[in-house]
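User: Please show me how to read the features of a structure, one at a time.

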Amino acid sequence: MTDLMIGILGIVALFGLMILRTPVAFAMLFTGFFGVWILDGLRRATAIMFTETYSSISNYNLIVVPMFVLLGNIASESGFSRALYDAAHAWVGRFRGGLASASVIGCAAFSAVSGSSVATAVTIGRVALPEMKRLGYGPGLSTGSIAAGGTLGFLIPPSTGFVIYAILTEESIGRLFMAGILPGVLMSGLFILAIWVVTLRNPAAGPVGEAKPLSERIRLFGRAAPLVGVITVSIGGIYLGVFTPVEASGIGAGLVIAIALLSGSLSRAGFVNALGDTVKTSAMLYMIVVGANVLNPFLAITDIPLALSHMLTSFGLGPYGTLVLILLSYVVLGMFLDGLAMLVVTIPIYYPIIMGLGFDPIWFGVIAVIVIEMGMITPPVGLNVFVVRSVAEDIPLHTIFKGVIPFLLAMLASLILIILFPQIALAIPNSMFG
């Protein structure tokens, strides 16, 4: 049996383990370890597992994960996320579909501190869904806006997706963070446009809300200002080159803790909960990085990336035709795998192909993340849909899946625009680094 055949069987085994509900980190770890053992012996496999585990966990850049996760958890426990939503609600709630638009804006703002799509959907969903239900919003629009808005946590910096992509490809975390800003703004705007179209066709789906006086709107924005300030300092500091992404994560977490303690909005129990959730999430992400780095040597030995590259180029579709095939594979995988699983399994295979085709790796990181975001709200897995369903237990799953369709179209539009106009993703990082 050839090395390539063993590699293909290893990939089949990997997906089989994940279908059997094995955590993705351990599925990759087992496949990589036993694959190298079969090909190169137990001594090499053991050496790879120990060295890759140590180098992965000791990677300085990974510190951004627990720091930004802690920042988001403290913001949630302190009620700052509610303040973000209330401020957005005050300014746009008086328009038709305004609460759904406020939910998207709240998700975008909270994404800039949490870096997690699930955390964003849960946090804003708990605040926004009861309010939209009270005002008679259509269940499809209300849940669809939260499920789709939550996916922004995977795109808007500090995105955990970009951190994992940077670790796997050795690209700059700072460049990836900056590359996500304009696409995140674009997608948020297209989501709001989708809400406007839905309410134009069916006004009952998003009734007009109460108009608040200017003084009240300014007051509510003032309540959200501290967290907005933390976001500005963290992301703005990276852009201006004042500090690195790792330093920004520590400064952001320190600032939000200080604000929460000084304002008296963070209880002891809330602080303990935030720390516990941070440890759980960070441990999961660290294990995923370890598993990916143990799997990668196995893939390299079997030459799977090279074989796949030859197969794709043999179709004669050209660079963009090959790119479309890669993106379509993400759509298919998104029906069965969650976002991080797709990222860590596919990037080691697709990254060399993308580089060989001459595409910018930062640009590809952005469009890969967008396609993975689409998988978060497509059946049958649709992780964010199930997350919203856990918050809105009285709304059937098929209603939520139907409600996300306009937002899927908005995501597709943003993907096409970024493919046609790469500078949407590259303008900010290129202006920073030349």
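Analyst: R134 is exposed, with a relative accessible area of 58%, where exposed means over 50%, buried means under 20%, and partly exposed lies in between (1.4 Å probe, protein chains only). This is a predicted model, in which local features need pLDDT of at least 70 and side-chain atom pairs count only at pLDDT 80 or more, while totals for chains, interfaces and linings use all residues. Residues are numbered from 1 along each chain as its sequence is written, and side-chain values use heavy atoms, with hydrogens and water left out.

User: With which residue does the side chain of R134 meet in a salt bridge?

Analyst: Side chains of opposite charge can pair when their charged atoms come close. The term salt bridge is used for a side-chain nitrogen of Lys or Arg within 4 Å of a carboxyl oxygen of Asp or Glu. Here the partner of R134 is E131, at 2.7 Å from N to O. Both residues belong to helix α7 (residues 117-134), where they are three residues apart, about one turn of the helix; helices (H or I, at least four residues) are DSSP runs, numbered from the N terminus.

User: How many salt bridges does the structure hold?

Analyst: There are five salt bridges in the structure. Another of them joins the side chains of E216 and R219, at 2.8 Å from N to O, and these two residues sit three residues apart in helix α12 (residues 214-240), about one turn of the helix. E216 counts as partly exposed, at 23% relative accessibility, and R219 is likewise partly exposed, at 43%. R44 also forms a salt bridge, with D40, and their closest N and O atoms are 2.5 Å apart. R44 has 38% relative accessibility and counts as partly exposed, while D40 is partly exposed at 39%.

User: Which residues touch the most other members of the largest nonpolar core?

Analyst: A nonpolar core is a set of buried Ala, Val, Leu, Ile, Met, Phe, Trp, Tyr and Cys residues joined through side-chain atoms within 4.5 Å. The largest one here has 149 residues, and those touching the most other members are M28, F191, Y330, V344, W363, F364 and I367. Helix α17 (residues 339-356) gives the most to this core, namely twelve residues.

User: What lines the largest cavity?

Analyst: On a 1 Å grid over the protein atoms alone, a cavity is a set of points where a 1.4 Å probe fits but cannot get out, and lining residues have an atom within 4 Å of a point. The count comes to one cavity of 30 Å³ or more, and the largest cavity holds about 40 Å³ of space, a volume being the space filled by probe spheres set on the points. Its lining consists of V64, V65, F68, P158, S159, T160 and V163. The elements that give two or more residues to this lining are α4 (64-77) and α9 (160-169), and α4 provides the largest share, three residues.

User: Which element gives the most to the lining of the second largest pocket?

Analyst: A pocket is an open set of points with protein on both sides within 12 Å along at least five of seven lines. The second largest pocket contains about 460 Å³ of space. Among its 20 lining residues, L141, V198, K402, G403 and P406 lie nearest its centre. Helix α11 gives the most to this lining, with six residues.
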